[in-house]
Amino acid sequence: MLCTVVETAMIELYARIVTLVVSFDPKPIPGDWNGAGAHCSYSTKSMREEDGYEVIKKAIVKMGLRHKEHIAAYGDGNERPLTRRHETADINTFLWGVANRGASIRVGRDIEREGKWYFDDRRPASNTDPYVVASMIAETTILWNKS
């Protein structure tokens, strides 16, 4: 996540030097295209260890139970790119899958095969605060328990 913040600062600085306009809007130009996102790859130590895939699947179930809270925190205008078209899930629907680029949460084929590693949250908008995304995912997967 730190890398994203540094890259964002560098882009903004370069834009000022050459007088460009930079937009982090998730879909700055209307039309039939996918827009821009800030996908987040996430893992914990237990996800990277033996039988980590079972930990990943449990974490994804928790993510689905808090889908609306995550969407509310994942950036303004996210309803424009999250339409179920162009390799996205609908903003109101939580889906996850292996090698499914149209899912909210994607697990790579190699991760399923190896039985461990990480998952990608494909829902954050390009204008999201990466620290909010990281804290929401960590809170949901590590601290949160369904009451």
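The model is predicted, so local features are described only where pLDDT is at least 70 and side-chain atom pairs only at pLDDT 80 or more, while totals for chains, interfaces and linings use all residues. Residues are numbered from 1 along each chain as its sequence is written, and side-chain values use heavy atoms, with hydrogens and water left out.

**Stop 1: helix 1**

Begin with I11, which is located in helix 1 (residues 2-17); helices (H or I, at least four residues) and strands (E, at least two) are DSSP runs, numbered from the N terminus. The relative accessible area of I11 is 40%, so this residue is partly exposed. Here buried means under 20% relative accessible area, exposed over 50%, and partly exposed in between, with a 1.4 Å probe and protein chains only. Leaving aside neighbours within four places in sequence, I11 is in contact with V22 and F24, contact meaning heavy atoms within 4.5 Å.

**Stop 2: helix 2**

Select residues 52-65, which form helix 2. This helix of 14 residues reaches 20 Å from its first C-alpha to its last, close to the 20 Å expected at 1.5 Å a residue; the expected span is 1.5 Å times one less than the number of residues. Colour G52, Y53, I56, A59, I60 and M63, which are buried. These residues lie on the same side of helix 2, because they cover an arc of only 115° around the axis; the arc is that of the directions from the helix axis to the C-beta atoms. An α-helix has 3.6 residues a turn, so residues three or four places apart point the same way. On the other side of helix 2, the exposed residues are K58 and V61.

What do the buried residues of helix 2 pack against? Their partners are helix 3, strand 2, strand 3 (105-107), helix 4, strand 4 and helix 5.

While still in helix 2, select V55. With a relative accessible area of 29%, V55 is partly exposed. Not counting residues up to four places away in sequence, V55 touches S46 and M47. G35, by contrast, is 20 residues from V55 in sequence and 31 Å away in space, C-alpha to C-alpha.

**Stop 3: helix 5 and its crossing with helix 2**

Now select residues 130-143, helix 5. From first C-alpha to last, the 14 residues of helix 5 reach 19 Å, close to the 20 Å expected at 1.5 Å a residue. The buried residues in helix 5 are P130, V133, M136, I137, T140 and T141. They share the same side of helix 5 because they cover an arc of only 130° around the axis. The face turned away from this buried side carries the exposed residues I142 and L143.

Display helix 2 and helix 5 together. They pack at an angle of about 115°, with their axes 9 Å apart. The axes are lines fitted to C-alpha atoms, for helices over the stretch in contact, and angles run from 0 to 180 degrees between N-to-C directions. Helix 2 contributes A59, K62 and M63 to the contact, and helix 5 contributes I137, T140 and T141. These contact residues divide into 3 nonpolar, 2 polar and 1 charged; Ala, Val, Leu, Ile, Met, Phe, Trp, Tyr, Cys and Pro count as nonpolar, Asp, Glu, Lys and Arg as charged, and the others, Gly among them, as polar.

**Stop 4: the loop between helix 3 and strand 2**

Move to the loop between helix 3 (67-73) and strand 2 (96-98), where R84 is found. Is R84 buried or exposed? R84 counts as exposed, because its relative accessibility is 64%. Its phi is near 80°, a positive value in a residue other than glycine.

N78 lies in the loop between helix 3 and strand 2 as well, but N78 counts as buried, at 3% relative accessibility. Not counting residues up to four places away in sequence, N78 touches P26, I91, R123, P124 and A125.

**Stop 5**

Select R106 in strand 3. The contacts of R106, not counting residues up to four places away in sequence, are G97, A99, N100, R101, F119, D120 and R122.

Finish at W117, in the loop between helix 4 (109-114) and strand 4 (119-121). W117 is not a glycine, although its phi is positive, at about 135°. Its relative accessible area is 42%, so W117 is partly exposed.
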